[in-house]
Amino acid sequence: MGKLRSGEAELVPGHTGRPRPLWNLLFLLWTLLNCGWGGSAQGPGEWTPWGSWSRCSSSCGQGLSVRSRRCIRFSREELCWGDTHEYRLCQLPDCPPGARPFRDLQCALYNGHPVLGLQKTYQWVPFYGAPNQCDLNCLAMGHAFYHSFGRVLDGTPCSGGSQGLCVAGRCLSAGCDGLMGSDAREDHCGRCGGANDSCLFVQRVFRDTGAFTGYWNVTLIPEGARHIYATHRSRNRLALIEGDGRSVLNGNWEVSPPGTYEAAGTRVVYTRASGPEETLRAAGPTSQDLILQVLLQEPNPGIEFEFWLPRERYGPFQEQAQALGLSLRQLLPLEVEPQSSEPHEAPSAFPTQTPNSTPDPCPPCPDTRGRAHRLLHYCGSDFVFRARVLGHLRQTQETRYEVRVQLVYKNRSPLQALEYVWAPGRCPCPPMALHREYLLAAQRLISPDGTQDRLLLPHAGYARPWSPAEDSRARLAARHCPV
């Protein structure tokens, strides 16, 4: 076969006389007709990218922002899977007092216009008793009927006080991702759609029984804690103070009524029924440390408490609790361990020492330095004063100091020139040496029968050697205590 001349095409075997480019074009058209246009559906179409979010539908309070996309498909392809529109909750500053609700404005649009084919006009107000709360149901003022004007505008609250908003005629709530109708929920750690794997669940029972009437530390609730819960059944009172010593409830020997209190950036719901049960609840997260205390008036039957804490905060939580005198080994877990059949002594208010032939040396005291510790004890104590230690007497479970009061910074009742100050254990923390002067922060404890009235220096409390610098720090701390 000779060479092809310019403009000639090679013949396809079996198709003599038909050029190959023309055959390729016909084959392509046949493929498109059978597979794309004339054949069966090959699956759903494809979405275009989402458009940008619209402006909020409301100028104040809650509203909706919307974005859309389009479905690109051939004539016989299935529709795209999903929605063409997506709605997002937008939260603006609260509406000013007296602002007219959105549904009221929509009903008022029909004021003075004839409806129902009649010439008579009416004044309309929202009616919430109709079945579909996302219809614009309006009541004719002065008459016993209402009329539905179709759907309310998107972003209208479903009903008075409802958190849901109407979207395309349906009442939807926002998930934690802000999307309306989303099932996304926060886990206990505060992560949207999480699996509770970034935090730890602290759940314990405080069973210590104090020797005297007064305030006793139950637990430190650290910054970042969520889903806080505490409860007990007794005549005792739960008390809550912030890290700077400010009393939130049941502090300063005053009984607080049940209700909602603001503390550490969250709302604390305090309930006490007519019976002995008392509870504290807070959603969190806390913006600063809180101290949960109990005001003992009778033996403690046990205080259950729990909260969720970020994993990275659990180690510092243990260290802080020990520094504040909260013995974590006395906060028993809820699981009940098998009890030994041997008789044992009832738990005491303070740790006891096992009798030995040679007494063990006193363990080191926790570090209590720092501004936060000073504020906590200065603001939370009944007495702050400068005193010289004249003598001390160590007993089985406590140590008694005899002191001479030299200067009073704070007192809830008069102090004598000579006072006894009691500290728990034979090895009190912090220790005080004879014939030295200290700045002391003490609490007043009265026995249940009223026969004993003592000044108590708590474990890991505030007893710092007095100096002019310590005097300045004490006076500065007084300025930060709530009145």
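1. The buried residues of helix 5 are covered by, among others, helix 4 (371-380), strand 24 (398-411), strand 26 (437-446) and strand 28 (462-465). Helices (H or I, at least four residues) and strands (E, at least two) are DSSP runs, numbered from the N terminus. The note concerns a predicted model, in which local features need pLDDT of at least 70 and side-chain atom pairs count only at pLDDT 80 or more, while totals for chains, interfaces and linings use all residues. Residues are numbered from 1 along each chain as its sequence is written, and side-chain values use heavy atoms, with hydrogens and water left out.

2. The chain as a whole may be described next. It contains five helices and 28 strands. Of its 483 residues, 38% are buried; buried means under 20% relative accessible area, exposed over 50%, and partly exposed in between (1.4 Å probe, protein chains only). Among contacts between residues at least 6 apart in sequence, 63% join residues at least 24 apart, where contact means heavy atoms within 4.5 Å.

3. Helix 5 deserves a description of its own. It runs over residues 468-480, and its 13 residues reach 19 Å from the first C-alpha to the last, close to the 18 Å expected at 1.5 Å a residue. The expected span of a helix is 1.5 Å times one less than its number of residues.

4. Which residues of helix 5 are buried? They are E470, D471, A474 and A477. Seen down the axis of helix 5, these buried residues fall within an arc of 125°, so they line one face of the helix; the arc is that of the directions from the helix axis to the C-beta atoms. On the other side of helix 5, P468 and R479 are exposed. As a general point, an α-helix has 3.6 residues a turn, so residues three or four places apart point the same way.

5. Seven of the 10 residues of helix 4 are buried. These are H373, R374, L375, L376, H377, Y378 and C379.

6. The packing of the two helices can now be stated. Two packed helices are described by the angle between their axes and the distance between the axes. The axes of helix 4 and helix 5 come within 9 Å and cross at roughly 65°. Axes are lines fitted to C-alpha atoms, for helices over the stretch in contact, and angles run from 0 to 180 degrees between N-to-C directions.

7. Is the crossing of helix 4 and helix 5 left-handed or right-handed? The crossing is right-handed: a crossing is left-handed if the near helix is turned anticlockwise from the far one by less than a right angle, and right-handed if clockwise. Helix 4 contributes R371, R374, L375, Y378 and C379 to the contact, and helix 5 contributes E470, R473, A474, A477, A478 and H480.

8. Two cis peptide bonds should be noted. One joins G284 and P285, with omega about 0°, and P285 is found in the loop between strand 19 (277-282) and strand 20 (290-296). The other runs from C429 to P430, with omega near 0°, and P430 lies in the loop between strand 25 and strand 26.

9. For A460 the value is about 60°; A460 lies in the loop between strand 27 (453-456) and strand 28 and is buried, at 1% relative accessibility.

10. Two strand residues complete the note. S68, in strand 4 (residues 62-68), is partly exposed at 35%. Beyond its neighbours within four places in sequence, S68 is in contact with P49, W50, G51, T84 and H85. Y420, in strand 25 (residues 418-424), is partly exposed at 37%. With neighbours within four places in sequence again left aside, Y420 is in contact with R400, Y401, E402 and L455.
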